[in-house]
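I opened this notebook to keep a record of what I looked up, beginning with the whole chain and going on to single pairs of side chains.

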Amino acid sequence: MNREDFPILTRNIHGHSLVYLDNAATTQKPRSVVDAMTEEYYNVNANVHRGVHFLSQQATDLHEAARESVRRFINARSASEIIFTRGTTESINLVAYSFGQECMEPGDEVIVTEMEHHSNIVPWQLLQTRKPIGIRVCPITDDAVLDIQALEKLISPRTRIISVAHVSNVLGTVNPIAEIINIAHAHNIPVLVDAAQSAPHMPLDVQALDADFVAFSGHKMYGPTGIGVLYGKEKWLERIPPYMGGGEMIGKVTFEHTTFNSLPYKFEAGTPDYIATTGLARAIDYIESIGWEEIQKHEHELTRYALEQLQTIPDIHIYGHKADTGDPVISFNIGAIHHLDLGTLLDQLGIAVRTGHHCAEPLIHRLGVEGTVRASFALYNTKEEIDILVSGIRRVSSMF
Ligand code: PLP
């Protein structure tokens with residue numbers, strides 16, 4: 001993989017070469033993404049959709065071409081099913097708000113899972129403050145995989161939507177999303193897929209999955225911050241109301257009444273981050289230029305190697321990864337060493353890992369700990385970096 005495409009990887013941190021293993025939080029950006037955004041700021045910048053002038057047209061063309069790139073990337077039927085948001089969090093909030101308003105009555109239920117990120121828990125709790133809906137939680141087994149049988153049992157005549165992470169950001173567990181969607185659809189229940197951790201690591205085909213809503217973030221897949229996607233099936237997006245009001249999303253406005261714009265603009269109030277959409281499109285180009293086969297082969301090999309090597313460390317406890325290799329996200333603790341101490345000392349060696357509850361407190365509680373250390377890999381990581389991580393952990397352990 002071309003590490004030279006990522007200038008930040010050459011940095012020295014505390015006198016050591018950077019070993020960046022915090023990719024589940026955010027990935028680094030290739031030059032092509034940053035250059036395309038700089039080029040647009042320097043040479044094209046103008047607000048989109050509103051202008052008759054040349055630059056506005058050009059910026060609009062780039063913005064809509066980016067939407068088409070996303071459509072192709074996830075194989076959506078139409079570009080009007082691609083809503084640009086600020087990220088996964090906003091995408092899920094949009095669905096919880098708008099679907100909750102239109103399609104849920106007091107007493108209706110949403111099913112989430114025990115391994116959700118807070119961004120797929122709190123929006124439903126916010127909905128609860130406006131409407132007394134129930135939040136049912138599908139448990140995980142002691143092997144830290146989703147209990148699918150329990151999921152089936154949780155479905156009731158009041159279940160209106162199932163909202164589930166495709167991949168756990170703590171465990172790397174890949175949930176059987178096609179099976180979940182099949183089960184849900186057998187009961188006429190739509191599914192929202194939180195693809196924040198899957199979009200960077202595997203191809204997504206929303207039509208083959210028959211997913212109703214899919215949310216993901218640009219910054220976790222080599223794209224810029226501040227841009228994300230909500231895919232929604234047209235029939236749902238037509239049915240649910242806008243999440244925010246303002247410019248762009250309107251048809252006609254009077255003080256008495258406003259009509260809304262067509263899809264996807266109905267959900268895109270205000271000036272969109274049209275520079276970031278270009279960056280996202282270049283990130284998609286970057287992924288496609290390497291190819292999923294290559295990326296997955298490399299990342300699976302790294303994950304297998306990391307699991308093997310980490311397991312040689314005395315007193316290590318690795319969470320998940322029992323059923324299969326999973327995604328390149330590995331959470332662990334070493335004996336009684338506090339995760340924060342371990343993370344801080346690894347940082348002194350130039351190794352960037354994440355520590356804490358990873359915005360998934362209920363899952364962390366289920367694992368019976370206060371937090372973990374998480375190493376997460378991307379296409380530019382190497383086996384040598386895993387060796388540095390492992391020897392770093394050994395060195396820190398020996399200090400305790
Ligand atoms: N869902 C999962 C599984 C995540 O890992 C994250 C981020 O870590 C999010 C949602 C939220 O993503 P963002 O902060 O980009 O909105």
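How much accessible surface does the chain have, and what share of it belongs to carbon and sulfur atoms? I found about 16700 Å² for the chain, with 51% belonging to carbon and sulfur atoms, the areas coming from the Shrake-Rupley method with a 1.4 Å probe, where for residues only the protein chains shown count as cover.

I noted that this is a predicted model, in which local features need pLDDT of at least 70 and side-chain atom pairs count only at pLDDT 80 or more, while totals for chains, interfaces and linings use all residues. Residues are numbered from 1 along each chain as its sequence is written, and side-chain values use heavy atoms, with hydrogens and water left out.

**Overall form**

I looked up the secondary structure and found 13 helices and 17 strands in the chain; these are DSSP runs numbered from the N terminus, helices being H or I of at least four residues and strands E of at least two. The radius of gyration is 22 Å, close to the 21 Å that the globule rule gives for 400 residues, so the chain is as compact as a globular protein of that length. That radius is taken over C-alpha atoms, and the rule is 2.2 Å times the number of residues to the power 0.38. Of the 400 residues, 57% are buried, where buried means under 20% relative accessible area, exposed over 50%, and partly exposed in between (1.4 Å probe, protein chains only).

**Salt bridges**

I then counted 18 salt bridges, each being a side-chain nitrogen of Lys or Arg within 4 Å of a carboxyl oxygen of Asp or Glu.

Which residues form salt bridges with R67? One is E64, with the closest N and O atoms 2.8 Å apart, and another is E268, where the closest N and O atoms are also 2.8 Å apart. R67 and E64 are three residues apart in helix α2 (residues 54–74), which means that about one helical turn separates them. E268, however, lies in the loop between β12 (258–260) and α9 (274–290), so its pairing with R67 in helix α2 ties together parts that are 201 residues apart in sequence. R67 is buried at 1% relative accessibility, E268 is buried at 7%, and E64 is partly exposed at 22%.

I also looked up E114 and R366, whose side chains meet in a salt bridge (3.6 Å, N to O). E114 lies in the loop between β5 (109–113) and α4 (122–130) and R366 in helix α12 (residues 361–366), so this pair ties together parts 252 residues apart in sequence.

My last entry is a network of salt bridges that links D22, R354 and R374.
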